Amino acid sequence: MPHFTINDAIAYAQGLVHTSTIEGFWSVVMRAIFGQHHHYSKKYPAAYIVETCTKYNNRNYAEAFDQFLAGTVMG
């Protein structure tokens, strides 16, 4: 996977390379730590990140909750 670096002191983007997406994702992680979960167990860090990834990747999908219910409760 290509890796790029951005020096925020000079610019926030260089062509199509920017840091907005990862900064937005980590802000969702931090809000979950200090809001929803209040404490992350050192035993399950991957599970918390997977949960956050799922929420972040489905944030614009209006039927995500209905699909979740259909797959867990009714399925």
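**Exercise 1. Determine how many helices and strands the chain has, and in what order they run.**

Solution. Step 1: the chain of this predicted model holds 3 helices and 2 strands. Helices (H or I, at least four residues) and strands (E, at least two) are DSSP runs, numbered from the N terminus. Step 2: read from the N terminus, the order of the elements is β-β-α-α-α. Step 3: the radius of gyration is 16 Å, well over the 11 Å that the globule rule gives for 75 residues, so the chain is more spread out than a compact globule. That radius is taken over C-alpha atoms, and the globule rule is 2.2 Å times the number of residues to the power 0.38. Step 4: along the principal axes, the C-alpha atoms fill a box of roughly 50 × 30 × 25 Å.

Conventions: residues are numbered from 1 along each chain as its sequence is written. Local features need pLDDT of at least 70, side-chain atom pairs count only at pLDDT 80 or more, and totals for chains, interfaces and linings use all residues, while side-chain values use heavy atoms, with hydrogens and water left out.

**Exercise 2. State what share of the 75 residues counts as buried, and describe the accessible surface of the chain.**

Solution. Step 1: 13% of the 75 residues count as buried; buried means under 20% relative accessible area, exposed over 50%, and partly exposed in between (1.4 Å probe, protein chains only). Step 2: the accessible surface of the chain is about 6,400 Å², and 63% of this belongs to carbon and sulfur atoms. The areas come from the Shrake-Rupley method with a 1.4 Å probe; for residues, only the protein chains shown count as cover.

**Exercise 3. Describe the largest pocket by its volume, its lining and the classes of its lining residues.**

Solution. Step 1: the space in the largest pocket is about 160 Å³. On a 1 Å grid over the protein atoms alone, a pocket is an open set of points where a 1.4 Å probe fits, with protein on both sides within 12 Å along at least five of seven lines; lining residues have an atom within 4 Å of a point. Grid points are joined across faces, edges and corners, and the volume is the space filled by probe spheres set on the points. Step 2: the lining consists of Phe4, Thr5, Ile6, Leu16, Val17, His18, Thr19, Thr21 and Ile22. Step 3: strand S2 (17-18) and helix H1 (20-37) each supply at least two of the lining residues. Step 4: the lining has 5 nonpolar, 4 polar and no charged residues (nonpolar: Ala, Val, Leu, Ile, Met, Phe, Trp, Tyr, Cys and Pro; charged: Asp, Glu, Lys and Arg; polar: the others, Gly among them).

**Exercise 4. Examine Thr52 and Asn57 in helix H2.**

Solution. Step 1: Thr52, in helix H2 (residues 45-57), is buried at 3% relative accessibility. Step 2: beyond four places in sequence, Thr52 touches Phe25, Val28, Val29 and Tyr40. Step 3: Asn57 is exposed, with a relative accessible area of 62%.

Note on methods: Contact means heavy atoms within 4.5 Å.
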